[in-house]
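Please keep the coordinates open while reading.

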Amino acid sequence: MTRRLAGLARATARMVRRAPLAVALVLLVWAYGLATRSLPAGPGPRLLERVGTGVGPLAEGRWWTPLSAMLWWGSVGAAVATSALVLLGGALAEHRIGAARTAALLVGTQVLGTLAALALVAAGAALGGGWPADLAAQVVVGAAPGAVGLVLAASSVLSALWRRRLRLLVLAALVMLVAYSGELPDVLMLCAGLVGLAAGPLLPGRADRQPGPSSRTEVRMLVALLVAASAVGPLVAAIARAPVGPLSVLQFVVLSPPPDAATVQQICATAPADQCRSLQAQLRLSGVGPALASAVPVLLLLVVADGLRRGRRAALVVGIAVNLVLAALGALLAVLVVSTPVEQLLVYQSAPGARRILALALPPLLPLAVAVLLWCTRRRFAVRAPTGTYRRLLGVAAAVLAAVSTAYVLLGAAVAHQFDRPPTAGQLLADLPLRFLPPGYLGEVEPDFLPQGLLATLLFEWTGVVFWLVVAAGLLVTFGRPRADPGARDAERARELARRGGSDLAWLTTWAGNSYWFDARGEAAVAHRVIGSVAVTTADPIGAPTGDTVAQFARYCREHGWTPALYSVTDDTRAACDALGWSSVQVAEETVLPLPELAFTGKKWQDVRTALNRAAKAGITAEWTRYTDAPPALTDQVRAISEEWVADKGLPEMGFTLGGLDELADPEVRCLLAVDGDRTVHGVTSWLPVHRDGLVVGWTLDFMRRRDSGFRGVMEFLIASAVQRFQAEDAQFLSLSGAPLARLDRGEQPAALQRLLDVLGRTLEPVYGFGSLLAFKAKFQPEYRALHLCYPDPAALPAIGLAIGRAYLPDLTARQSARLLARLR
């Protein structure tokens, strides 16, 4: 408990240091709110009339109300939410742009957003009434609009990744509130947020680079967020006190509000029997079971969103199927409503014409749009479950379906007297499909019988609920299971051979995505990827290759109609290829540090010593860990740093011989983090083992990321710290890996193809910085080793080049290709 209190105290102190203005404002508002008793219930009618803002107060000449409304924050719930927004905006803005600009943004976005929103509401009310007329009658208070505007304005000074995430999250929430709840505070927040977005680019210190394309993981998160928002939106309308938004009509297909019992009795005293019975049906379908049945689409879509976040192919399929089914049910609902006489409509007859049209059109169109979104992003969801997972789930679901269906028909027939009109087994069987549909999608369908007894009610209300809960739980469990790996046995064999020997890049051959060819002895293997008609290898053969290993692999490729392309291989493999009459070209430069005699002394090591000294003064330490064993507080930061790095690049993350987050999860890979006293990660590197005869003799640098706003010399610090650690462990060398399309000038006359690759490397330099990477590694006074591409047929070079490009950028879309070409020009 003492440790938790101390942690809370430190967090509070950091907040006060980062956002003193926001903290002071929150404390002030809460203090006079409690003193004037405007909290917890909000300002009274007389105070609201004087300080509240709206179309009416402005029309009556109370011009100060857009500003005065900021000083009262409504009820306790609204005050808590506003406090969180103000503190978030202050934490983002104050230490970056200063307290004065933060205050100006808070007040300015509140006032301008309020005036813009009220002008739109007044114009809408004057033109057509309806929803704008409802808003024009409201008077509200609160600083939430200014807080939202401040948050979105301050997002401009964040990195590309967090700018995109924060804006999407906030704008999605605002649009959902306006569309489904639609009350005046929601509209004010949206308008103030848009004002904040417009003001953000004017701030000093804003990030100049626009957000680039999202990584695969980021796209999954964003799509999952949108799918979850589409599911939760109707619930927002159903839970809101008086939803008036344009999409609020969708509450009727999620949680259709039941009529009041007293009202039903009054209507049944004078209304026709059919109308009375419909009202009684709605009243009796208002318990826990029907409520859960109504929320089944929401539950399934939230489960799907979790699967999409994990990249599951099955979640994509289920998400598309569920949304298409909901679209079909929505269309069927519209047909039923249109074909029902107007005087019999209970939900839609009181709605204005425009809202009635929306009520008919939106239920099919919204899920259809979500299904189209999932289809357009389908390539991002390729993670599969173990073989047989969904066959087993389908079997369980079928068994549960048969069980609940049998119980409904047989037990229902046994307790037929517990229904108002005792059904036969045939009638129960005919009614069975309706038990699995959400009640809101049944429109004005009147049931032939209604339950009155306890067992009949349980059967009638819970038959479908039990089935869908089992399906949702089963999907949730399967989405969390490890992905299938049909080549797991080959991959494990390859790992064993990599432990026996290979080049400094041998551990790259164990990464997912590679296939393996094993020689007849089973003592050597070649990792490769077949792209088109080209078999692109990764590094040298592993294990115990012989002089004939390359020739055997070439014969294997010819038998399958492939062109072998041995990529990123050392001089030894190049010599074997030369013996076969193949051509070769240098494609990368590897930098290696021999460790036994290495010492950071002399002028040439000044930058490295400076980084170590500055890190020590800043309280930054080098912390070794396995990524899978690290606490979530650190791994979450590593993921965020990686996503931020990808977003700031402006182009997709490269793969193939360049590892990402997925490769960090290998338990034999070591991670080195630069962590300060507040447990903030400033940078991260990962190190791959290099084996000889089963022993680790060296380490190869792979993953290398740093926080954009972190310690500037963090990479020098991390590499120097790794050198010191590996020297203590008696490692023989440390490889800084290869820099693609970069090479050391050795004074040779390059061939035409080599000159072309040099030009390509210089052209790509502003985008990926391969030359800068090689120059950075030169700080460590390394030995240089050429890495080559070897190929048998010069005529196949265009296909080989395309295959290697696709290996590095498998997710590159046509639009991103055009953007890359535009940047290269």
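Glu-729 has a relative accessibility of 35% and therefore counts as partly exposed, a class that lies between buried (under 20% relative accessible area) and exposed (over 50%), computed with a 1.4 Å probe on protein chains only. The model is a predicted one, in which local features need pLDDT of at least 70 and side-chain atom pairs count only at pLDDT 80 or more, while totals for chains, interfaces and linings use all residues. Residues are numbered from 1 along each chain as its sequence is written, and side-chain values use heavy atoms, with hydrogens and water left out.

The position of Glu-729 is the loop between helix H28 (714-728) and strand E11 (733-740); helices (H or I, at least four residues) and strands (E, at least two) are DSSP runs numbered from the N terminus. Apart from neighbours within four places in sequence, Glu-729 is in contact with Arg-670 and Trp-699, where contact means heavy atoms within 4.5 Å. The C-alpha atoms of Glu-729 and Gly-698 are separated by 9.8 Å, and these two residues are 31 residues apart along the chain.

What does Glu-729 form with Arg-670? The two residues form a salt bridge whose closest N and O atoms are 2.9 Å apart; a salt bridge is a side-chain nitrogen of Lys or Arg within 4 Å of a carboxyl oxygen of Asp or Glu. This pair links distant parts of the chain, since Glu-729 is in the loop between H28 and E11 and Arg-670 is in strand E8 (residues 670-675), 59 residues apart. Their side chains also make a polar contact of 2.9 Å, that is, a pair of N or O atoms within 3.5 Å, of which, within protein, one must be able to donate a hydrogen and the other to accept it, and residues adjacent in sequence count only if both atoms are side-chain atoms. Arg-670 has a relative accessibility of 10% and so counts as buried.

Side chains of opposite charge can pair when their charged atoms come close. A search of the whole structure finds 20 salt bridges. One of them joins Arg-62 to Glu-60, with the closest N and O atoms 2.9 Å apart. Arg-62 is buried because its relative accessible area is 16%, whereas Glu-60 is exposed because its value is 57%. Arg-435 and Asp-431 form a salt bridge with a closest N and O separation of 2.8 Å, and both residues are buried. A network of salt bridges links Glu-492, Arg-495, Glu-496, Arg-499, Asp-666 and Glu-668.

Glu-590, in strand E6 (residues 583-594), is buried yet has no salt bridge. The nearest side chain of opposite charge is that of Arg-785, 4.8 Å away; Lys and Arg count as positive and Asp and Glu as negative, while His and the chain ends are not counted. The side chain of Glu-590 does have a polar contact of 2.7 Å with the side chain of Ser-735. Beyond residues up to four places away in sequence, Glu-590 touches several residues, including Asp-504, Ser-737, Glu-783 and Tyr-784.

The search of the whole structure finds zero disulfides, a disulfide being a pair of cysteine sulfur atoms within 2.5 Å. Cys-790 is in no disulfide, and the nearest cysteine sulfur, that of Cys-577, is 3.8 Å away. Cys-790 counts as buried because its relative accessibility is 0%.

The structure contains 14 aromatic pairs. Rings of Phe, Tyr and Trp (its six-membered ring) pair if their centres lie within 6.5 Å, and planes under 30 degrees apart count as stacked, over 60 as edge-to-face and the rest as tilted. The rings of Phe-776 and Phe-780 have centres 6.0 Å apart and planes at 75°, so this pair is edge-to-face. Phe-776 is buried, with a relative accessible area of 15%, and Phe-780 is buried at 0%. Ring pairs also link Trp-517, Phe-553, Tyr-556 and Trp-562 into a cluster.

At the level of the chain, the secondary structure comes to 32 helices and 12 strands. Of the 825 residues, 50% count as buried. Among contacts between residues at least 6 apart in sequence, 78% join residues at least 24 apart. Leu-802 in helix H31 (residues 797-808) has its C-alpha atom 8.9 Å from that of Gly-532, 270 residues apart along the chain.
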